[in-house]
Amino acid sequence: MIFKQLQTELNQRAAQGLMRSRRTLTAPQSSHIVVDGKPYLAFCSNDYLGLANHPQLIAALRQGAQQWGVGAGAAHLVSGHFEPHHLLEQRLAAFVGKPAALLFSTGYMANLGVVQALAGKSDTVFADKLNHASLNDAMLLSRAEVKRYRHGDMAQLARLFEQTKSGRKLVITDAVFSMDGDIALLRDMLALCEQYDAWLYVDDAHGFGVLGEQGRGSLSHFGIPSERIIYMATLGKAAGVSGAFVAAEQVVIDTLVNHANSYVYTTATPPALSSALLQSLQLIEQADNLRSRLHGLAARLRSGLADLPWSLMPSETAIQPLLIGDNQRALELSAALRERGIWVAAIRPPTVPQGMARLRITLSAAHTEADVDRLIGALHELAH
Ligand SMILES: Cc1ncc(COP(=O)(O)O)c(C=O)c1O
């Protein structure tokens, strides 16, 4: 009976063009991938600097596994906190200009942990309507009152602040919006947070390694080293490995160590991953050439796609979504590109608002100009 009900729900989803399924990669992540044995030129990973299969990271991971084994064996607070974790936290904090940092197993868990630890029943969380799903889940988990503002609408945020008289105030936002690619108005947001004595939690999953001086992320991009900003970045995107970290004042980090359930009640990541990430951080610092390459590729794509019937969304980052609208049409276009040997994911509701299905094109420094031109050519062909 219950299976039948589940199947009916799945069938309804499929009829709306919303069914999700997985494909299996049979070679490493790269600008050129192999899916179920077939090669494709791919524009859908978040491996923005092309580090996921970098020989120096592979060597560091191997060396880390030899020295530390493959599993942490325990939670950080029990006996799972190793020297590479500790060193990586220190380096990450210094890199993003904060006194302290804390590693989490994933960005999803970092968001759950931070919001749950810092906001409770008598507090208010303010959130952009286009925030990542993990931030949305985090605010529900916290049981704080939730006030959402229209995407980037600072006037509405100010009004919501005005209406909030008591409790702790925490603004949570993507720094680079994951499905849109635009950058949050962090400077204006910080000014409002100062005016209304709120904290600002910045999720820089798509900015770390890509934006700012030496890839230090969105706080460096805007030059806003404020104590009231709690910074989070993921380590499975530009950094090429896995995990996430939160960087903030020491008292915030100590609070997370004590109260963030997704930190306390889970096995630490394998220390060898931290060994690989220490190497990744060095590469990120030295990767100005890759970042300017990425920037150049985005500009090339934007000018190449300017005259299509579908429009690119306003984005200066490596995330360049092409707005299609209809779910089925987005799926058809994604399938037609696939027939031409090009892999671009169609993103549909509920990940994006109704009627705003899109091809989420992501660029990597590992792409060549010829790769980008091939995508431009294929999209023109499909448009006519
Ligand atoms: C904005 C944003 N935050 C958090 C996450 C979650 O990070 P992770 O994949 O490390 O769980 C993602 C994507 O995965 C994201 O795009």
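How far apart do the C-alpha centres of domain 1 and domain 2 lie? They lie 27 Å apart. Before selecting anything, note that this is a predicted model, in which local features need pLDDT of at least 70, side-chain atom pairs count only at pLDDT 80 or more, and totals for chains, interfaces and linings use all residues. Residues are numbered from 1 along each chain as its sequence is written.

**Stop 1: the two domains**

Colour 23-49 + 287-383 as domain 1 and 56-285 as domain 2; these bounds come from an automatic or database domain assignment. Where the domains touch, domain 1 contributes 20 residues and domain 2 contributes 15 residues (two residues are in contact if their C-beta atoms, placed from the backbone, lie within 7 Å).

Now select helix H13 (288-304) and strand E11 (319-325): each supplies at least two residues of the side of domain 1 that touches domain 2. Helices (H or I, at least four residues) and strands (E, at least two) are DSSP runs, numbered from the N terminus. E11 provides the largest share of that side of domain 1, 3 residues. By class, the side of domain 1 that touches domain 2 has 11 nonpolar, 5 polar and 4 charged residues. Here Ala, Val, Leu, Ile, Met, Phe, Trp, Tyr, Cys and Pro count as nonpolar, Asp, Glu, Lys and Arg as charged, and the others, Gly among them, as polar.

**Stop 2: the ligand**

Select the shell of the ligand, which holds 13 residues; the closest are Thr106, Gly107, His132, Ser178 and Ala205. A residue is near a molecule or strand if its C-beta atom, placed from the backbone, lies within 6 Å of it. The shell divides into 3 nonpolar, 8 polar and 2 charged residues. Helix H5 (residues 107-118) gives the largest share of the shell, 3 residues.

**Stop 3**

Axes are lines fitted to C-alpha atoms, for helices over the stretch in contact, and angles run from 0 to 180 degrees between N-to-C directions.

Show Gly113, Val114 and Ala117 of H5 with Thr255, Leu256 and His259 of H10, which make the contact. These residues divide into 3 nonpolar, 3 polar and no charged.

**Stop 4: the sheet of 4 strands**

Move to the open sheet with the order E10-E11-E14-E13, in which pairing is antiparallel. Two strands pair if DSSP finds at least two bridges between them. Strand E10 (311-312) and strand E13 (345-347) each have a single partner strand, so one side of each lacks a neighbour in the sheet. E13 pairs with strand E14 (residues 357-362) in the antiparallel sense over 3 bridges, and Ile347 stands opposite Arg358 in E14. Helix H14 (residues 327-339) packs on this sheet, touching E11, E13 and E14, and its direction makes about 35 degrees with that of E14.

In the loop between E13 and E14, pick Pro350. The peptide bond from Pro349 to Pro350 is cis, with omega near 5 degrees.

**Stop 5**

E1 and strand E2 (residues 38-42) are antiparallel, joined over 4 bridges; Ile33 has Tyr40 in E2 as its bridge partner. Finish at Asp36, in the loop between E1 and E2. Its phi is near 45 degrees, a positive value in a residue other than glycine. Most residues other than glycine have a negative phi, and most peptide bonds are trans.
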